[in-house]
Amino acid sequence: MTTAFFTKIRTYAELSKESERAWASLLRPRHYRKDEVFIQAGSVPATFAFVVKGLLCQHYIGRDGDLIIKYFFPENRIGASVSATMLREPSLFTITAIEDSHVLEYDFAAFKGLVQAYPDIAAFYIGYMERHWIIEKEPMEIAFRHDDAMQRYLDFIRKEPDLHKRLKQHHIAAWLGITPESLSRLRRKIAFGRLGKR
């Protein structure tokens, strides 16, 4: 499991053997069954989880009692309630396994100690945050403000074709912020549009 972990980490920054050993000492394998909670809303989270196999989702309950999915964490992603963990505050979100999932967990405070001690781990940390919390997140936030549900759905299919096939209809609807019935209508429009081109 650590092989997959460090293979992915090296796509952000090269690590020395010493840094790898230090980080490996923090990693704890864990298995979450489908529908099992990794982080519960209202709790103060302390750990991050690298998904080796499976799928986690970050979600919350909206004002009308509807499930709203904020983010998916498939293989090779690090799942966490980042702001709550960094600030040591109760999480606004729950993170749940929506497939049986094998992860490697590590304590965030201990990891931050490694960031201070090892420049290459610090380089990873900066690279990861830049890619996923600035470069990816900014366009997504703009899209949710300006694009309609159809455009967001088409973009999701284009960007995440494999993930799209793994998700249940209610998960996709909850991510788009629409009802499963509305998603069914979008799918019918797409299907009829394709038929019209033949």
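Buried here means under 20% relative accessible area, exposed means over 50%, and partly exposed lies in between (1.4 Å probe, protein chains only).

The views show a predicted model, in which local features need pLDDT of at least 70, side-chain atom pairs count only at pLDDT 80 or more, and totals for chains, interfaces and linings use all residues. Residues are numbered from 1 along each chain as its sequence is written, and side-chain values use heavy atoms, with hydrogens and water left out.

**View 1. The largest nonpolar core has 27 residues.** A nonpolar core is a set of buried Ala, Val, Leu, Ile, Met, Phe, Trp, Tyr and Cys residues joined through side-chain atoms within 4.5 Å. Phe 5, Trp 23, Tyr 106, Phe 111, Ile 121 and Phe 124 have the most contacts inside this core. Two or more residues each come from helices H1 (2-9), H2 (17-24), H4 (108-117) and H5 (119-135), and from strands E3 (47-53) and E8 (101-107). Helices (H or I, at least four residues) and strands (E, at least two) are DSSP runs, numbered from the N terminus. H5 gives the largest share, 5 residues. A second, separate core has 19 residues, among them Ile 69, Ala 149, Leu 167 and Leu 186. In soluble globular proteins, nonpolar side chains tend to be buried together.

**View 2. Trp 23 meets residues from several parts of the chain.** Contact means heavy atoms within 4.5 Å. Neighbours within four places in sequence are left aside. Trp 23 then contacts Phe 5, Phe 6, Ile 9, Leu 15, Tyr 106, Phe 111, Leu 114, Ile 121 and Phe 124.

**View 3. Aromatic rings pair across the chain: the structure holds 22 such pairs.** Rings of Phe, Tyr and Trp (its six-membered ring) pair if their centres lie within 6.5 Å; planes under 30 degrees apart count as stacked, over 60 as edge-to-face and the rest as tilted. The Phe 5 and Trp 23 pair is edge-to-face, because the centres are 5.0 Å apart and the planes stand at 90 degrees. Phe 5 is in helix H1 and Trp 23 in helix H2, 18 residues apart. Both are buried. Tyr 12 and Tyr 128 form a tilted pair, 5.2 Å centre to centre with 55 degrees between the planes. Tyr 12 lies in the loop between H1 and H2, and Tyr 128 lies in helix H5, 116 residues apart. Tyr 12 counts as buried at 13% relative accessibility. Ring pairs also build a cluster, whose members include Phe 48, Phe 50, Tyr 106, Phe 108 and Tyr 125.

**View 4. Four strands form an open antiparallel sheet, in the order E1-E8-E3-E6.** Two strands pair if DSSP finds at least two bridges between them. Strand E1 (28-32) and E6 stand at the edges with a single partner strand each, so one side of each is left without a neighbour in the sheet. E3 and E6 run antiparallel and are joined by 2 bridges. Phe 50 has Ile 78 in E6 as its bridge partner.

View 5. E4 (residues 56-61) and E5 run antiparallel, joined by 6 bridges. Cys 57 stands opposite Phe 72 in E5. Ile 61 has Leu 67 in E5 as its bridge partner. E4 and E5 form a hairpin with 5 residues between them, and Gly 65 in the turn has a positive phi of about 85 degrees.

**View 6. Arg 77 is found in the loop between strand E5 (67-73) and strand E6 (78-79).** Arg 77 counts as buried at 14% relative accessibility. Neighbours within four places aside, Arg 77 contacts Ala 49, Phe 50, Val 51, Tyr 71, Tyr 128, His 132 and Glu 136. Asn 76 lies in that loop between E5 and E6. Its phi is near 70 degrees, a positive value in a residue other than glycine. Asn 76 counts as partly exposed at 32% relative accessibility.
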